[in-house]
Amino acid sequence: MLGLNGTPFQPVTLQLTGIPGMQTGQAWVALVFCILYLISIIGNLTILALVIREPSLHQPMYYFLSMLSLNDLGVSFSTLPTVLATFCFNYRHVDFDACLVQIFFIHTFSFMESGILLAMSFDHFVAICDVLRYATVLTNNRILAMGLGILAKSFTTLFPFPFLVKRPPFCKGNVLHHSYCLHPDLMKVACGDIHVNNIYGLFVVLFTYGIDSTFILLSYTLILRAVLAIASREQLKALNSCMSHICAILAFYVPIIAVSMIHHFWKSAPLVVHVMMSNVYLFIPPMLDPIIYSVKTKEILRGIRQIFWKTWG
């Protein structure tokens, strides 16, 4: 695209695509996305309500779980406007600046989820390896500080992104390949030198996902070593409570690894494969997390049953 002076410029609007090759099945795609959103929003709101109203859940583990649920809601609401506009109303245009805002929030909440999962692994580590100091280590003030630290880290790390995205000109069209805005997708329609964007993007990924996943792995290595050394009943019970967290970690990191592997080692993959894997990465964890914790955590399951019987009993 050329401006009045003959130089490339930023497009006023960008066109979203949805899922390539599925234009004839838009109604079914819209139904699937609506179901995913309903499960994610209702499930995470239910967990938040339970943690707030039940005094027995006012414990560090459930405070971190409420952070995860709140963050999952943030991920869902970040993509909701453009996804519904694309599939339900067939409106595929988004303002360029609005696209930058969506990129910022999607990536911020994604990086925050990684940090929250790390904080939850630290909670399990203290509960198993240093159980006598659990109440003194994980005080309410420290939990609040950890939550604010995760927010500050994600915000400051991603703050330069909108300015870096505005730096290169866009001369390869204005069509994006998703129903929402992502930084790598937007860079595909940019021209000129985008090495700074790519290098900073790699730095952010390594600084967040790389460091967080390393410490999560370290935490569970120490937990497993402690349990194998002295397998007391309390430690085995605490280790069993880790299963829901491990499932949440897998639900979050497996799609990220899959997207990265496809991007680097299967560059000739059909476009629909890249789009579907990105959808899995953004939509499945917020939907699975409340299900995992509802099924695997007795206290959450008991609270849901109580709400159900009070409502329908």
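Because the model is predicted, local features need pLDDT of at least 70 and side-chain atom pairs count only at pLDDT 80 or more, while totals for chains, interfaces and linings use all residues. Residues are numbered from 1 along each chain as its sequence is written, and side-chain values use heavy atoms, with hydrogens and water left out.

Let us start with the sulfur atoms. A disulfide here is a pair of cysteine sulfur atoms within 2.5 Å, and by this rule there are two disulfides. One joins C99 to C181, with 2.1 Å between the sulfur atoms. The torsion about its S-S bond is about -130°, so this disulfide is left-handed. C99 sits in helix α3 (residues 96-129), whereas C181 belongs to the loop between α6 (161-166) and α7 (183-187), so the bond ties together parts that are 82 residues apart in sequence. Helices in this account are DSSP runs of H or I with at least four residues, strands are runs of E with at least two, and both are numbered from the N terminus.

How well covered are these two cysteines? Buried means under 20% relative accessible area, exposed means over 50%, and partly exposed lies in between, with a 1.4 Å probe and protein chains only. C99 has 0% relative accessibility and therefore counts as buried; C181, also at 0%, is buried as well.

The other pair is C171 and C191, whose sulfur atoms are 2.0 Å apart. This bond links distant parts of the chain, from C171 in the loop between α6 and α7 to C191 in the loop between α7 and α8 (195-229), 20 residues apart. Here C171 is partly exposed at 32% relative accessibility, but C191 is buried at 11%. Counting bonded cysteines along the chain, the disulfides follow the pattern 1-3, 2-4.

C34 is partly exposed, at 28% relative accessibility. For C247, the closest cysteine sulfur is in C242, and the 11 Å between them is again too far for a bond. C247 is partly exposed too, at 30%.

Now look at T297, in the loop between α10 (271-296) and α11 (298-312). T297 has a relative accessible area of 4%, so it is buried. Beyond its neighbours within four places in sequence, T297 is in contact (heavy atoms within 4.5 Å) with M61, Y62, S244 and I292.

Finally, the UniProt record, an unreviewed entry, places "transmembrane region" features at residues 27-52, 73-94, 100-122, 143-165, 199-224, 245-266 and 272-295. In the model, residues 100-122 are 100% helix and 0% strand, with end C-alpha atoms 33 Å apart. Residues 199-224 are likewise 100% helix and 0% strand, and their end C-alpha atoms lie 36 Å apart.

Note on methods:
UniProt positions are given in the numbering used here, feature names are shortened, and annotations may be inferred rather than shown by experiment.
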